[in-house]
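This briefing concerns the protein chain displayed below. Please have the sequence and the model at hand while reading.

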Amino acid sequence: SWTLVQSMNIPGLRRLLASSDICYTDGMGVVITLLCTRLRRATKVTANSFYQLLFQELANQKLKVAFVGSKPGVAETAKRRIRGRTPEIDICVCASGYFGPEDEEAVINELVTNDPHVVFLGMGQPLQEHYAFRWRQILPNTIFYCVGGLFDIISGKVAGSPNWMRRSGLEWLYRFVRTPEKVWRRYT
């Protein structure tokens, strides 16, 4: 729902979202909105709920993966943790999401050189969507998956909500209580 609010206020974001190949209900706000406006039930889906299975399947399929996002060192820690659980996964690129326009070319060159099948972008909205849109022009056969703060959760930098809260749709409450200064606008 926060993404929809942003798309009304940020020029071009609506176009970026419409160009996505897959969109899903990443949060209770979308689930509630669909129920209230269209009388449609939907299930909340977040990468945090299934990333371990996804990385295992990527390893099984022998697909190359890239992590781009988060503060320096966080994606690298996430990479180590994922490899601890799934040693056979090929994470061929791991880069911080804190780079300026002058450093973007180096990240692009690393991606082009390694040619990953899937690039996970954990940079927050709408920045990750902008990069996904631009970079898919350069790497048209690559899947770009915008995962927000997933690297922070995998690395342990941010505590993930308990499973029972995720299953019952209260993940937002957990995040609000833990970091109100970061998420209050999104949830109000």
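Leaving aside its neighbours within four places in sequence, with which residues is Arg 175 in contact? They are Pro 180, Val 183, Arg 186 and Tyr 187, where contact means heavy atoms within 4.5 Å. The model is predicted, so that local features need pLDDT of at least 70 and side-chain atom pairs count only at pLDDT 80 or more, whereas totals for chains, interfaces and linings use all residues. Residues are numbered from 1 along each chain as its sequence is written, and side-chain values use heavy atoms, with hydrogens and water left out.

**Overall form**

- The protein chain contains eleven helices and four strands; these are DSSP runs, with helices (H or I) of at least four residues and strands (E) of at least two, numbered from the N terminus.
- The C-alpha trace spans about 45 × 35 × 30 Å along its principal axes.
- Among contacts between residues at least 6 apart in sequence, 66% join residues at least 24 apart.

- Of the 188 residues, 39% are buried (buried means under 20% relative accessible area, exposed over 50%, and partly exposed in between, with a 1.4 Å probe and protein chains only).
- The protein chain exposes about 11,100 Å², of which carbon and sulfur atoms supply 55%; the areas come from the Shrake-Rupley method with a 1.4 Å probe.

**Helix H1**

- Helix H1 covers residues 2–9, and its buried residues are Thr 3, Gln 6 and Ser 7.
- Seen down the axis of H1, these buried residues fall within an arc of 105 degrees, so they line one face of the helix; the arc is that of the directions from the helix axis to the C-beta atoms.
- They pack against helix H2 (13–18), while Leu 4, Met 8 and Asn 9 are exposed on the other side of H1.

**Two arginines**

- Arg 175 belongs to helix H10 (residues 171–178) and is partly exposed, at a relative accessible area of 34%.
- The C-alpha atoms of Arg 175 and Ser 161 are separated by 7.4 Å, the two residues being 14 residues apart along the chain.
- Arg 83 lies in helix H5 (residues 74–85) and counts as partly exposed at 31% relative accessibility.
- Not counting residues up to four places away in sequence, Arg 83 touches Ile 89 and Ile 91.
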